[in-house]
Amino acid sequence: MIQWTKQLNAAFGFSFLWLICLIYFTQGFRSFVWTAISYHLKDNLNLSPSASQFVFSVAFFPWSIKPLYGILSDCIPIKGSKRISYLVIATVLSLVPWFILGLSSNLRNSTWHLMVFLTAQNLGSAMADVVVDAMIAEAVRYDKAKFAGDLQSLSWFSMAVGGICGSLLGGVALSRLQIYTIFLLFSVLPCIQLLSCSFVKENSVNSEVLVEDSIATDLHTDDSTLDEDSSLTRKSHSSTRKRKKGKKNPKNRAGNTSKSKILENGSLATKWYHSLKKAIYDLCRAFRQPMILRPMTWFFLAHITVPNLSTVLFYYETEVLKLEASFLGTVRVVGWLGLMLGTFIYNRHLKHMTLRRILMWAHVGLAFLNLLQMAVVSRKNIAFGIPDRVMVLFGSALVDGINQFKFMPFLILSGQLCPPGIEGTLFALFMSINNLGTTIGSFVGAGLASILNIHSGSFDNLLLGIVIHALCNFIPIAFLFLIPKEATGSSS
């Protein structure tokens with residue numbers, strides 16, 4: 001382990017590795033503050049389960065437009081920087097909302113203001129996630145390609161550690177600290193992240209070269225004035241040499257400089273426009289291919305056809321089962337462990353199976369796991385002498401583990417489908433589709449809770465909602481023909 005760390009440090013430098021680990025740790029540690037948000041919506045703002053689910057769905061929408069951040073950072077450098085500048089912007093967006101919410105009780109206790117600030121915070125977190133992925137992809141090019149797997153392992157390990165720490169400390173903090181203190185404490189991590197950005201060096205993008213290339217292209221593509229453009233080009237080169245030699249005629253030099261700046265600004269804007277246009281066109285053209293469109297359609301349908309009732313169950317667990325925040329933090333830790341166990345089982349036993357079979361059995365398993373929730377809601381577990389805490393812990397580990405059986409094929413298939421040249425942006429699009437499906441699934445869950453009149457203090461129809469959720473898990477199985485028939489769970 002120590003030798004491995006030394007090799008990575010020698011290849012990339014301590015500042016870069018520290019920033020990567022810190023960003024991913026912060027992403028995982030977000031559970032520390034979002035646990036407090038869940039309780040704040042329920043206890044302080046007195047929102048119904050469907051209203052809370054709506055707030056979460058809107059707040060997490062920025063994760064559904066991740067390709068936009070990737071395209072902007074790829075095509076429009078800020079002062080010669082394509083990554084660090086955007087990472088600074090993302091970190092500020094992640095920091096300021098928590099700081100303001102921690103200091104202002106009026107904004108914190110207003111549902112709409114809170115939702116706006118949470119959305120801005122997620123905008124910063126999602127942008128940072130895209131930018132750091134791009135930084136890793138650039139760092140492992142060419143002679144450092146052998147470290148690609150190591151950096152990914154380091155990033156996922158940092159996120160897992162952050163998730164476990166955030167889940168454990170989040171429950172404890174809720175029982176001992178005020179909500180505003182939790183917000184202010186969490187803002188320390190973005191502050192450290194912002195400071196760490198200043199220690200990472202990035203190769204500057206030479207805008208002048210891009211402008212000159214753009215100007216040259218414009219001159220050579222104008223067929224009607226080709227001869228005139230050639231003479232202008234020669235005169236430009238001649239005047240450039242004269243300026244370098246420090247010749248006379250300062251008036252002409254000032255006039256040329258002024259015209260040059262205007263031309264550079266216009267050409268740079270044109271260059272950015274064409275770069276954005278080309279990136280979007282390439283992205284849309286790649287995504288329209290049936291081999292890409294069909295599998296992504298299935299993963300999207302798999303989310304929107306199954307209503308997400310997680311917020312409703314959170315209300316039930318805290319109000320009816322009387323589970324305290326510290327225990328629910330432990331439940332989330334067990335969920336992380338179940339996720340890791342699911343990844344291990346997948347890599348050890350399932351990756352050579354066809355994706356259709358893996359996904360089919362994953363949904364069948366998720367449907368039958370609803371039986372555990374039905375037993376808890378109907379109180380059948382008490383009749384058999386099984387405590388609620390055991391049922392909740394066991395169910396959380398199994399659900400997160402089986403969900404990983406779905407997510408791993410998604411990652412593998414996304415990597416296989418990405419064509420060369422636009423891998424990063426297209427992969428971000430795949431992840432956004434997955435996130436958008438989750439968001440819409442949450443909206444569907446909020447709608448179902450509202451239709452069934454499930455709200456705080458009234459859970460009479462929750463059992464029916466869980467039955468509907470279980471039956472909906474079979475819907476995506478009917479569309480498995482969209483997944484390539486021979487595709488397996490292996491990346492090779």
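Predicted model: local features only at pLDDT ≥ 70, side-chain atom pairs only at ≥ 80, totals over all residues.
**View 1. The salt bridge between D129 and K66.** The side chains of D129 and K66 come together with an N to O distance of 2.7 Å. D129 belongs to helix α8 (residues 111-139), while K66 belongs to helix α5 (residues 66-75). The two residues are 63 residues apart, and the pair links distant parts of the chain. D129 has a relative accessibility of 9%, so D129 counts as buried. K66, at 5% relative accessibility, is also buried, because the cut-off for buried is under 20%.

**View 2. The salt bridge between E324 and R389.** Here the N to O distance between the side chains is 2.9 Å. E324 sits in the loop between α16 (310-319) and α17 (325-350), and R389 sits in helix α20 (residues 388-417). The pair therefore ties together parts of the chain that are 65 residues apart in sequence. E324 is partly exposed, with 35% relative accessibility. R389 is partly exposed as well, at 35%.

**View 3. The salt bridge between D388 and R379.** The side chains of D388 and R379 meet at 2.8 Å, N to O. D388 is buried, with a relative accessible area of 13%. R379 is partly exposed, with a relative accessible area of 30%.

**Whole structure. The salt bridge count.** A search of the whole structure gives 4 salt bridges, including the pair D129 and K66, the pair E324 and R389, and the pair D388 and R379.

Terms used. Residues numbered from 1 in each chain as written. Heavy atoms only, no water. Helix = DSSP H or I, 4+ residues; strand = E, 2+ residues; numbered from the N terminus. Buried < 20%, exposed > 50% of the residue type's maximum accessible area, 1.4 Å probe, protein only.
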